[in-house]
Amino acid sequence: MTPEDYLNGQVLLIDKPLKWSSFQAVNKLKYLLINKVGLPKKFKIGHAGTLDPLATGLLLICTGKFTKRITELQGQAKEYTGTFYIGATTPSYDLETEIDETFPTSHIDEALIHETVKQFLGEIDQKPPIFSAIKKDGVRLYEHARAGETIEIASRKTTIHEFEITRIALPEIDFRIVCSKGTYIRSIAYDFGKAMNSGSHLTVLRRTKIGDYDVKNAIDVTLFEESLNLE
């Protein structure tokens with residue numbers, strides 16, 4: 001593609017690596033497009049929906065005039081796959097923090113798991129994790145959390161369109177979820193364990209779709225760089 005193609009607007013499908021922030025992925029592409037393609041230093045680029053560093057998968061990166069589409073793309077339904085670990089919780093609801101409490105699991109069977117799924121379908125009330133980037137009183141929640149402060153977090157409405165259990169091998173449960181914008185899968189992990197009178201946290205998360213965009217058509221950052229070298 002020419003510099004003009006990127007400036008006129010592209011939606012780049014990137015398969016974000018584990019432990020990269022969405023911001024890092026955008027910065028890497030910005031660096032490559034400036035230095036390998038010759039785009040001006042102040043060209044527009046941004047992502048359409050944050051993906052946690054501990055998650056992998058589809059990140060939509062918009063360039064040039066297509067940055068105007070970011071809000072529209074962010075509003076589309078998203079599909080995730082991943083793993084809940086049943087019987088233990090962490091303060092961050094995922095692997096960012098250590099296990100803080102353990103719970104019994106002997107009463108949990110396949111029937112209870114599938115019955116619990118029904119509670120999460122449709123519109124639900126959800127509290128975002130304290131370890132999240134949402135701001136309260138001008139400060140991001142994770143900054144309050146890391147300072148050891150207790151904060152009251154308001155619940156918000158979100159919609160779970162589909163929730164499928166794809167593997168049960170306790171203490172692990174694999175899932176596929178299609179949900180609306182602003183849904184925290186970490187919170188679903190935590191609430192799911194609680195709904196079964198146990199505990200749970202998220203150990204694996206992968207975003208597989210945003211609207212009609214599929215991670216199957218996404219490219220790894222390294223392969224994207226190699227493709228630019230071939231042009």
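Predicted model: local features only at pLDDT ≥ 70, side-chain atom pairs only at ≥ 80, totals over all residues.
Me: Is strand 3 largely enclosed by the rest of the structure or largely open, and why?
Reply: Strand 3 covers residues 56-63, and the cut-off that matters here is that a residue counts as buried when its relative accessible area is under 20%. Because eight of the eight residues of the strand are buried, the rest of the structure leaves strand 3 largely enclosed.

Me: Which residue is the bridge partner of Lys16 in strand 3?
Reply: Strand 1, residues 10-16, runs antiparallel to strand 3 and is joined to it by seven bridges. Lys16 belongs to this pairing, and its bridge partner in strand 3 is Gly57.

Me: Which residue in strand 12 stands opposite Gly57?
Reply: Strand 3 is also joined to strand 12, residues 200-210, by two bridges, and these two strands run parallel. In strand 12, the residue that stands opposite Gly57 is Arg207.

Me: In strand 3, which residue is the bridge partner of Gly46?
Reply: Strand 2, residues 45-47, pairs with strand 3 in the antiparallel sense, and three bridges make up the pairing. Within strand 3, the partner that Gly46 bridges to is Cys62.

Me: Which residues is Asp52 in contact with, leaving aside its neighbours within four places in sequence?
Reply: An unreviewed UniProt entry places the feature "active site" at Asp52, a residue found in the loop between strand 2 and strand 3. With a relative accessible area of 28%, Asp52 is partly exposed. Once the neighbours within four places in sequence are left aside, the contacts of Asp52 are Lys16, Trp20 and Arg186.

Me: What distance separates the C-alpha atoms of Leu54 and Leu95?
Reply: Leu54 also has its place in the loop between strand 2 and strand 3, where its relative accessibility of 33% makes it count as partly exposed. Beyond its neighbours within four places in sequence, Leu54 is in contact with Leu18, Asp94, Leu95, Glu96 and Leu205. Although Leu54 and Leu95 are 41 residues apart along the chain, their C-alpha atoms are separated by 7.7 Å.

Me: With the side chain of which residue does the side chain of Thr97 make a polar contact?
Reply: Thr97 is found in the loop between strand 5, residues 88-89, and strand 6, residues 101-102. Its relative accessible area is 17%, and Thr97 is buried. At 2.7 Å, the side chain of Thr97 makes a polar contact with the side chain of Ser92.

Me: How far apart in space are Pro129 and Ile188, C-alpha to C-alpha?
Reply: Pro129 lies in the loop between strand 7, residues 122-126, and strand 8, residues 135-136, and at 0% relative accessibility Pro129 counts as buried. In sequence, Pro129 and Ile188 are 59 residues apart, while in space their C-alpha atoms are apart by 9.9 Å.

Technical notes
Residues numbered from 1 in each chain as written. Heavy atoms only, no water. Buried < 20%, exposed > 50% of the residue type's maximum accessible area, 1.4 Å probe, protein only. Helix = DSSP H or I, 4+ residues; strand = E, 2+ residues; numbered from the N terminus. Pairing = 2+ DSSP bridges. Contact = heavy atoms within 4.5 Å. Polar contact = N/O pair within 3.5 Å; in protein donor to acceptor, adjacent residues only side chain to side chain. UniProt positions renumbered as here; feature names shortened; annotations may be inferred.
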